[in-house]
Amino acid sequence: MSDSQKFLVKTERSGNVYVHVQGDLTQQDKRAIFLTVHDLGCNHISFENFVNQPCMSEIKDRSIFIHIDVPGHEDNADTLPDSFQFPSLQVLGEDLVAVLDTLHIRYVIGLGEGAGANAVARFGLAHPSRVLGLILINCTGSATSVKENFKSKFVNWKGKSTVSQSAMDYLIFHKFGHQLMNETNPDKELVINEFVKRLQGTINSKNLKQYVNAFLTRKDLMLKDYKQDILLVTGVLGSYANVVEKLHRDLNKHKATLLKIERAGDVLAEAPAKMAQSILLFCKGQGLLTSVTLPGIERQRTFSGSSSDGERPRRSLSRGMSMEDYDRPNIRRLSISVNENLPSPK
C-alpha cells in the first residue's frame, strides 16, 4: 500500500502533470523537501521505491518527497492527444515551478535521474531562488553526447505502438549500463526483467517515445555558473559514467562534487544505502537533516545553522562543506520495495 498522496497540477506549457507526495505538506517548515523527476522508461515509482528502502527510513521520516510523472507517464496512462505539444526538457524544467506554487512549497532540493536529472537542472537554472541544491544522477550536460547512438537504436521504433526490440535493448543499456556484462550481480536478471515488464505493460510506449525525443533534442546544459551546490552521481558500470565525468570537469569545483559508485550501473537499485548516505551528507552541507545520523557518519559532522530539519539555515558559516571532507561510507545492497497502489487526486 502506497503512503503517497496524488495530485494533478496544471502547468503553463507542459499540460497536466501527476504529482505524488510522500510526507506531510503541513510540516514543510520542519522538513527537507525534495523534488524528483524520473528517467526514460520509468515514472515516479522508481524514486518512490528508493525512498521506501529501509536505508532511507531516517531521511524519509524527516522529509517530504515531491515525485513528478513526466506528461503521459503515470501507470496505464492514455496516449497523449495529437494536439498536445510534448514539452522540451527546458520547458518541462521551467514549468516545474507550478508544482511548488500549487502545493505552496517555498524551495526544494532537486533530485533527478537521467533525462529527469537534466530537467531538474534546468528547473534549478530557471528558478534559482526555489532550489537549495541539485542531486543529479547520470546527468548529461551536452546536446550531442549520446544522440547518435539513440538515433541508430530507435530507428525501428518509428510508427509502432509498442517498443521495438532495438529500442528495448537501448533503454535497458541506458538504464543499467555495463552491469549487463557483470555476471557477479545476482540481482541483475530480476531487476532488468521488472524494468522490461513495466516497459511492456504499465508505461505507455507512445508517450515514452515523446520523452525520448525530448531527450534527443535537448540543448546544452549551462551549469557552469550555477550558484548552488551540485552533487553529480554515476555508477562506474553505468553507460553515462564518462559523460558525467566530463560535465563535472566543466563545473565550478567549489560548488560541484562527483560521486562515482563502484560496481554499480543503476545506482538507485544497486547501491541504495550509498545513495542514502550521500544524500544525507549533501543535505547536511545545506544545513538540513542535521538530526539524522546513519552508520559511518559522525554526529559532530552536522551543521549548526538550523534549528530544525527543514528550516532554511542562517548562513553564519561557509556556503557548505565539500563532500570530499566527509568519509566515504561503504556500499550496502538492499532489496527493492514496490508500492504502486496510489490514491486518486482530489
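The legends below describe close-up views of a predicted model. Residues are numbered from 1 along each chain as its sequence is written, and side-chain values use heavy atoms, with hydrogens and water left out. Local features need pLDDT of at least 70 and side-chain atom pairs count only at pLDDT 80 or more, whereas totals for chains, interfaces and linings use all residues.

**View 1. Leu-136 in the largest nonpolar core.** A nonpolar core is a set of buried Ala, Val, Leu, Ile, Met, Phe, Trp, Tyr and Cys residues joined through side-chain atoms within 4.5 Å. Buried means under 20% relative accessible area, exposed over 50% and partly exposed in between (1.4 Å probe, protein chains only). The largest core has 67 residues, and among those touching the most other members are Val-19, Ile-66, Leu-103 and Leu-136. Beyond its neighbours within four places in sequence, Leu-136 is in contact (heavy atoms within 4.5 Å) with Gly-112, Ala-117, Val-120, Ala-121, Leu-223, Ile-230, Leu-231, Leu-232 and Val-233. A second, separate core holds 33 residues, including Phe-50 and Val-267.

**View 2. The two sides of helix 10 (residues 241-249).** Helices (H or I, at least four residues) and strands (E, at least two) are DSSP runs, numbered from the N terminus. Ala-241, Val-243, Val-244, Leu-247 and His-248 are the buried residues of helix 10. They line one face of the helix, because they fall within an arc of 165° seen down its axis; the arc is that of the directions from the helix axis to the C-beta atoms. These buried residues pack against strand 7 (229-235) and strand 8 (256-261). Asn-242 and Arg-249, on the other side, are exposed.

**View 3. The salt bridge between Asp-29 and Arg-106.** A salt bridge is a side-chain nitrogen of Lys or Arg within 4 Å of a carboxyl oxygen of Asp or Glu, and the structure holds 10. Here the N to O distance is 2.5 Å. Asp-29 lies in the loop between strand 2 (16-22) and strand 3 (32-37) and Arg-106 in the loop between helix 4 (97-102) and strand 5 (108-113), so the pair ties together parts 77 residues apart in sequence. Asp-29 is partly exposed at 45% relative accessible area, and Arg-106 is partly exposed at 44%.

**View 4. Lys-175 with Glu-113 and Asp-266.** The closest N and O atoms of Lys-175 and Glu-113 are 3.1 Å apart. Lys-175 is buried at 7% relative accessible area, and Asp-266 is buried at 4%.
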